[in-house]
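Welcome, and take a moment to look around before reading on. This report walks through one structure step by step, with the sequence and the picture beside you.

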Amino acid sequence: CKTVQQIAQQAATAKKPSVSVSNVQISKVSFVGVDFVFDMKVQNPNGFGITLNGFDYDFLINQHSFVNGKQNDPVKIQANGASNVQLPLTVEFLDLFAVFSSLKNSSSAGYQLKTGFYFDLPVLGNVRIPAEKSGSFSLR
């Protein structure tokens, strides 16, 4: 009976977690391309642990979708805690130039990362929390 009461209390007080891009860095630049690592911070405001079921992402270069996909590896987030999730992406220069001829004479390109993190929360159900980050990187 006590367990049922605890679950009911959790369900009644469930809050949506927050997701933000805490850092983005270029981890490697080569003649082939650029490797990015996006650090995503997931904050759980609840008094109980939750599970990040996965996330989707769309990486745009100069406002054109370049790399997108999903990751379904669950991550446990502690009660009233935070966890970092890393999203590594590789952008190859040959692909850039083949797809975006406008970049051939450019020394830099703009990027935007759009993500959605999926949580299964009591009462709220399956919730998608969006996060975005944008900036630019050198092509030389």
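Where is the place of Gln63? Gln63 lies in the loop between strand 3 and strand 4. Please keep in mind throughout that this is a predicted model.

Most residues other than glycine have a negative phi. Asn62 is a residue other than glycine with a positive phi, near 45°. Gln63 likewise has a positive phi without being glycine, with a value near 70°. As for the surface, Gln63 counts as exposed because its relative accessibility is 73%, over the 50% cut-off. Asn62 has a relative accessible area of 30%, so it is partly exposed.

Three strands make up an open sheet in the order 1-2-6, and their pairing is antiparallel. Strand 1 (18–29) and strand 6 (82–92) are the edge strands, each pairing on one side only. On average, neighbouring strands here are turned by 20° against each other, with direction ignored. Strands of a sheet pair through backbone hydrogen bonds.

Strand 1 and strand 2 are antiparallel partners over 10 bridges. They form a hairpin, with three residues between them. To find your way along this pair, look for Ile26, which stands opposite Phe36 in strand 2.

**Around Thr90**

The side chains of Thr90 and Asp35 are joined by a polar contact of 2.9 Å. Not counting residues up to four places away in sequence, Thr90 touches Val34, Asp35 and Val67. Gly33 is 57 residues from Thr90 in sequence, yet their C-alpha atoms are 7.0 Å apart in space. Thr90 counts as partly exposed because its relative accessibility is 44%, a value between the 20% and 50% cut-offs.

**The nonpolar core**

Which residues have the most contacts inside the largest nonpolar core? They are Phe38, Met40, Phe59, Phe119 and Phe137, within a core of 34 residues. At least two core residues come from each of strand 1, strand 2, strand 3 (50–61), strand 6, helix 2 (93–99), strand 7 (108–121) and strand 8 (125–138).

Met40 shows how many parts of the chain can meet at one residue. Leaving aside neighbours within four places in sequence, its contacts include Val19, Val21, Val85, Leu113, Thr115, Phe117 and Ala131.

Thr115, one of those partners, belongs to strand 7. Thr115 counts as buried because its relative accessibility is 2%, under the 20% cut-off. Beyond its neighbours within four places in sequence, Thr115 is in contact with Met40, Asp56, Tyr57, Leu87, Arg128, Ile129, Pro130 and Ala131.

**One salt bridge**

Two of the residues that Thr115 contacts, Asp56 and Arg128, form a salt bridge with each other, and their closest N and O atoms are 3.0 Å apart. The count of salt bridges comes to one. This pair links distant parts of the chain, with Asp56 in strand 3 and Arg128 in strand 8, 72 residues apart. Asp56 has a relative accessible area of 14%, so it is buried. Arg128 is partly exposed because its relative accessible area is 42%.

**Another loop to visit**

Gln78 is in the loop between strand 5 (75–77) and strand 6. Its relative accessibility is 63%, so Gln78 counts as exposed. Apart from neighbours within four places in sequence, Gln78 is in contact with Asn44 and Gly49. Gln78 and Gly49 are 29 residues apart in sequence, while their C-alpha atoms are 4.5 Å apart.

| Residue | Relative accessibility | Class |
|---|---|---|
| Thr115 | 2% | buried |
| Asp56 | 14% | buried |
| Asn62 | 30% | partly exposed |
| Arg128 | 42% | partly exposed |
| Thr90 | 44% | partly exposed |
| Gln78 | 63% | exposed |
| Gln63 | 73% | exposed |

Key. Residues numbered from 1 in each chain as written. Predicted model: local features only at pLDDT ≥ 70, side-chain atom pairs only at ≥ 80, totals over all residues. Heavy atoms only, no water. Pairing = 2+ DSSP bridges. Helix = DSSP H or I, 4+ residues; strand = E, 2+ residues; numbered from the N terminus. Axes fitted to C-alpha atoms, helices over the stretch in contact; angles between N-to-C directions. Core = buried A, V, L, I, M, F, W, Y, C linked by side-chain atoms within 4.5 Å. Buried < 20%, exposed > 50% of the residue type's maximum accessible area, 1.4 Å probe, protein only. Contact = heavy atoms within 4.5 Å. Polar contact = N/O pair within 3.5 Å; in protein donor to acceptor, adjacent residues only side chain to side chain. Salt bridge = Lys/Arg side-chain N within 4 Å of Asp/Glu carboxyl O.
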